[in-house]
Amino acid sequence: MSSKLNLGRIYVFVFILLSSHFPIQSQVRKITIDKVIDSLVLVSPKAKIENLNFQNELLLFENYKKSFLPSLSINFNPISFNRSYRVLQKPEDGSYSYVEDYSNNSSIGTSIRQKIGFTGGELTINSNLNYLNEFSRNRNSFSTTPIAIGYSQQLFGGGKLHRLENDIEYARNLVAIKQYCTNISQIQHEALNFFMNALLNKMEKELALENKQNNDTLLHIAEVKLKNGNITEYDFKQIELQSLNTQYAYENGTKNYTESQQKLMTFLGINADSVDIGIPVFELPLSIDAHLVTTYVKKNNPFFKQQEIQKLEAEKSLFSAKLSNRLNGNINLNYGINQYAETFINAYRHGNQRQSLNIGFQIPVFQWGINKNRMRIAENTHQASNLAIENRILEFENDIREKINTYNQSVKLWFTSEKAYKLSQEQYRMQVQKFTLGKVSVYELTTALNDQNDAMQRYYTAIRDSFDSYFSLRNMALYDFKKETELEVLFTDRRK
């Protein structure tokens, strides 16, 4: 009895001695998930490209607003030389004759244009000077238009069309801002996926290393037990096979971790040397309120603003169809002064008034019901668009509810699976110690090892699902529930 007790003590001593010989790893710089999401990904190549595209969207909207400011243009044509014979018909008898056109015509003019948003019209102010040099007759002449004012617009509906277009452009600009935040948030989510892949490989590698060290110890103990006849050769071979499997798992895990780490660093656009992934601790909200999510989704998500744009565009199409099916027209008003003289000074004296008024009507009378059918098509399209928008909104709101439930459930599983994983590790270590004392079989030892691996997978899945569902909600609402800040504030302030 005492010999067996002494033998058990020897096994325990050997186990403790071998298990303390862990390889010393070099110190490396750890990258946490917060650092990846909050800083590194925002200066990644994809984020920089998205930022440049967003700047273009802002410039397009700025051009739209500036199109309602007065625009000044200058046209200058210094040389228009011609020397040729032209055929002219005499008005007296209708006979033809050839005359030499040997001249140069120069001109300069300025034009100011101003859109009138309230009416949908356009106001223009022009000024022109033309100089004609006739070489064949050795004569010069000037023609001038010191000022000419014109105004044109559609008689009916121009103002409303402008207001609809204006609402659409401002809505598009708001969508561009929200879409930029959405795209950056999606890039963060993409970086999260790379991080999670690397995290899984890291956890597999670390667990494989721990199992490898334990199985190396077990193999030495099993050799002693086999020599003393305490275990069969089958049990020894089973432990040896398990040791080889853990060795393979460690080598494979190391390779996979290096590759997934490199993919993450490449995505972030940084060097991967001396970098390690840190296992995240739980710092997310314990739960997310559905009302809070819905409020910010309706406020920030570009989906809802895009539906508003579609409604405005459908309304504009319907209004345009109505305008084309009834009495309408255009009005053009022009007033100016012009003069002709052989000297520059006289060309600006005693100008002659030039006035014109042109009003044209378009009256649809009979077109075999084509316009009526066009109206019905426009009304049906408008109604179908509204129904499709309502259906998409219902589906989107249902998706929000599902993601909220998924997140709240994943958080609960995080704590449960983390505790279960730690317990499985403790259980396996205890089983190893019991095996050294001959209290458990190889089968029970293998079962404990498999339970530990399964617990690790469930723990990782809970971490991944929690972060994935959180960032999905964050992307939908464009709101950081942890920082209690809208993403537009985080992203646009960073750009400044």
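**View 1. The chain as a whole, in a predicted model.** Of the 496 residues of the chain, 38% count as buried, where buried means under 20% relative accessible area, exposed over 50% and partly exposed in between, with a 1.4 Å probe and protein chains only. This is a predicted model, in which local features need pLDDT of at least 70 and side-chain atom pairs count only at pLDDT 80 or more, while totals for chains, interfaces and linings use all residues. Residues are numbered from 1 along each chain as its sequence is written, and side-chain values use heavy atoms, with hydrogens and water left out. The chain has 10 helices and 11 strands, taken as DSSP runs numbered from the N terminus (helices H or I, at least four residues; strands E, at least two). Among contacts (heavy atoms within 4.5 Å) between residues at least 6 apart in sequence, 77% join residues at least 24 apart.

**View 2. The largest nonpolar core and the surroundings of F481.** A nonpolar core is a set of buried Ala, Val, Leu, Ile, Met, Phe, Trp, Tyr and Cys residues joined through side-chain atoms within 4.5 Å. The largest one has 61 residues, and those with the most contacts inside it are V36, M196, L268, V293, V297, F467 and F481. Helix α4 (residues 158-227) supplies the largest share of this core, 14 residues. When its neighbours within four places in sequence are left aside, F481 is in contact with P285, I288, L292, V293, Y470, L473 and R474. A second, separate core of 14 residues includes A222, I239, Y428 and A448.

**View 3. N300 in helix α6.** N300 belongs to helix α6, which covers residues 290-300, and N300 is buried, with a relative accessible area of 1%. Apart from neighbours within four places in sequence, N300 is in contact with K178, A477, L478 and E486. A polar atom of the N300 side chain lies 3.1 Å from the backbone oxygen of A477. Although N300 and T182 are 118 residues apart along the chain, their C-alpha atoms are separated by 9.4 Å.

View 4. The mean pLDDT (the predictor's confidence in each residue, from 0 to 100) of the chain is 80, and 86% of its residues reach 70 or more. Where pLDDT is low, the predicted coordinates should not be read in detail.

Note on methods:
A polar contact is a pair of N or O atoms within 3.5 Å; within protein, one must be able to donate a hydrogen and the other to accept it, and residues adjacent in sequence count only if both atoms are side-chain atoms.
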